[in-house]
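Colleague: Could you take me closely through the ligand site, and then through the parts of the fold that can be followed from there? Please give the cut-offs as you go.

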Amino acid sequence: MEQASGEHRYDLAIIGSGGAAFAAAIAASRKDRRVVMVERDRIGGTCVNTGCVPSKALLAAAQARHVARDARFPGIATNAGPVDPAALLAGKQALVDQLQADKYIDLAAAYGWEVVAGQARFTHDPADGDGPALRVDQLDGGTRRIQAAHYLVATGSAPLAPPIPGLEEVGYLTSTTAMELPELPGSLLVVGGNAVGLEQAQLFARLGTSVAVVELLDRLAPLEEPEAGAAIAGVFADEGISVHIGAQLTRVARDGEGGVVAVLRRRAGRTQELRAERLLVATGRWPVTDGLNLDAVGVKLGERGQILVDEQLCTHNPRIWAAGDVTGAPQFVYVAAAHGTLVADNALDQAGRTLDYRHLPRVIFTSPQLAAVGLTDAQAAQHGIACTCRVLPLAHVPRALVDRDTRGLVKIVAERPSGRVLGVTMVADGAGDAILAAVYAVRLGMTIGELADTWAPYLTLGEGLKLAAQTFTRDITELSCCAA
Ligand SMILES: Cc1cc2nc3c(=O)[nH]c(=O)nc-3n(C[C@H](O)[C@H](O)[C@H](O)COP(=O)(O)OP(=O)(O)OC[C@H]3O[C@@H](n4cnc5c(N)ncnc54)[C@H](O)[C@@H]3O)c2cc1C
């Protein structure tokens with residue numbers, strides 16, 4: 001028989017305290033509903049503690065060093081000294097702590113919802129006739145039972161390592177532990193050429209580590225346009241990062257010098273050995289549902305471990321909802337936050353809201369950034385949509401010319417014959433900002449003609465979008481530098 005104390009009744013009980021959880025708690029509090037939040041680790045979840053904020057803070061620092069070492073402009077001498085990892089780490093942690101306090105801890109206090117430090121799981125005693133409840137093993141000891149009209153599971157995702165022989169014995173870094181290393185490794189093998197792997201690879205390379213990236217599929221950023229992956233591979237080559245695509249990691253072992261030796265198998269069956277001081281596994285993140293006892297309350301999981309939800313984010317139990325990474329949705333904090341708000345509306349006010357992901361932007365924060373929205377060329381074909389596309393190399397974008405860095409491109413996929421913009425991909429410094437114009441274009445159903453005809457400020461990356469749209473009707477060489 002379960003011993004629990006402190007029975008409470010809430011409108012919404014939330015497991016987790018990340019982007020999804022906070023957005024739900026804020027929305028519910030604004031509706032004057034009683035909210036309780038349970039968190040077993042640091043308040044704020046992945047984004048602020050181990051994800052977006054620390055990674056972008058370190059990437060910004062590494063970018064500053066890279067620019068200082070890159071004597072790209074005639075007449076400007078630049079140089080960069082050695083990296084002080086302890087100071088770099090302390091600076092990153094200070095920013096994380098500051099944002100965690102400002103954007104999460106203080107905000108929860110200002111709204112006044114209750115935060116319980118502990119590990120939550122569902123219980124359901126059919127005899128009490130009251131539906132699901134939470135049992136929380138509190139971090140400071142004791143357990144607590146929480147009852148609510150609705151529950152939100154916002155438990156996020158965690159790094160997933162593939163079952164490679166030797167991996168567990170040898171040990172490996174994840175993005176979380178890599179960004180906490182007190183010393184920079186001399187060499188690093190990054191397994192996985194998608195967002196997290198690419199960002200971590202460039203981060204360490206720019207701090208002075210010798211980096212190699214291994215990707216199973218036949219290009220970097222394999223979910224994006226092939227031209228984009230090729231552009232990033234070119235940048236990595238320029239920066240001395242070795243890239244092994246179409247290569248499967250089959251075995252890892254310790255080498256005689258305390259490092260790691262990794263065996264790769266190429267498509268043709270050829271094998272190759274790579275050695276590095278440390279191994280970083282960035283092969284994806286898996287929904288966190290361990291110990292939640294979801295079976296007991298009728299919540300079902302999908303093949304990828306994700307909580308199955310309907311379009312309104314309700315699980316198979318009408319009183320239990322799920323939001324953010326744990327649902328298997330695209331892993332972005334703005335998706336998690338939109339989910340959280342939606343759950344508050346649907347669970348507490350029966351709003352019946354759903355989300356439209358067709359204009360969801362995706363950004364990989366390498367430098368240059370890879371930013372995209374909508375369908376890729378291949379996805380449009382898979383959907384059976386007749387389309388046409390153009391790729392504008394950045395060498396035709398004046399901003400890139402004056403910046404003396406023309407590595408990158410703008411690609412537009414348009415429906416035929418309407419000309420409606422279906423998708424845009426940009427590889428360029430600042431692409432993450434400039435893609436917003438393309439988000440509007442896709443959302444509003446603009447055509448390439450309208451994009452080509454819309455004002456764009458000269459000497460901005462945004463102008464690249466207009467110029468790319470113009471290539472549908474003009475030869476690239478005919479583009480005027482003012483994109484008239
Ligand atoms: C290195 C990295 C960089 C990233 N960069 C970006 C970026 O630049 N932009 C972007 O949009 N996204 C980025 N992301 C993705 C983004 O961080 C996630 O999509 C987002 O944070 C997910 O939010 P969430 O609310 O679903 O879950 P989380 O923020 O992961 O929160 C889940 C919380 O639930 C808690 N929890 C789990 N189980 C229990 C339990 N049983 N009881 C109590 N608490 C529990 C966990 O401790 C955790 O705090 C990045 C991710 C990583 C790893």
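Modeller: The account below starts at the ligand and then follows some of the elements and loops.

This is a predicted model, in which local features need pLDDT of at least 70 and side-chain atom pairs count only at pLDDT 80 or more, while totals for chains, interfaces and linings use all residues. Residues are numbered from 1 along each chain as its sequence is written, and side-chain values use heavy atoms, with hydrogens and water left out.

There are 36 residues around the ligand (a residue is near a molecule or strand if one of its heavy atoms lies within 4 Å of it). E39, T46, K56, D325 and V333 come nearest. Backbone atoms also face the ligand's oxygen atoms. A backbone N or O atom of G19 is 3.2 Å from one, a polar backbone atom of A20 is 2.9 Å from one, and a polar backbone atom of V333 is 2.9 Å from one. On its own the ligand has 1,000 Å² of accessible area, of which the protein covers 93% (Shrake-Rupley method, 1.4 Å probe; for residues, only the protein chains shown count as cover). Two or more residues of the shell come from each of α1 (19-30), β2 (35-39), α2 (45-49), α3 (52-69), β3 (114-123) and α9 (333-349). Helices (H or I, at least four residues) and strands (E, at least two) are DSSP runs, numbered from the N terminus. By type, the shell has 14 nonpolar, 16 polar and six charged residues; Ala, Val, Leu, Ile, Met, Phe, Trp, Tyr, Cys and Pro count as nonpolar, Asp, Glu, Lys and Arg as charged, and the others, Gly among them, as polar.

Take two of these elements further. Strand β2 contains V35, which at 5% relative accessibility counts as buried (buried is under 20% relative accessible area, exposed over 50%, partly exposed in between; 1.4 Å probe, protein chains only). Apart from neighbours within four places in sequence, V35 has contacts that include Y10, L12, I14, A25 and W113 (contact means heavy atoms within 4.5 Å). Helix α9 has 17 residues and reaches 24 Å from first C-alpha to last, close to the 24 Å expected at 1.5 Å a residue (the expected span is 1.5 Å times one less than the number of residues). Its buried residues include V335, H339, L342, D345 and N346. Q350 follows α9 and has a positive phi, near 45 degrees.

Another helix, α7 (residues 195-206), has 12 residues and spans 17 Å, close to the 16 Å expected. Q202 and R206 are among the buried ones. G208, with a positive phi near 115 degrees, comes after α7.

E239 is buried, with a relative accessible area of 19%. Leaving aside neighbours within four places in sequence, E239 is in contact with H66, Q202, R206 and S367.

S367 is joined to P368 by a cis peptide bond, with omega about 0 degrees. P368 lies in the loop between β16 (361-364) and β17 (369-374).

How values were computed:
A polar contact is a pair of N or O atoms within 3.5 Å; within protein, one must be able to donate a hydrogen and the other to accept it, and residues adjacent in sequence count only if both atoms are side-chain atoms.
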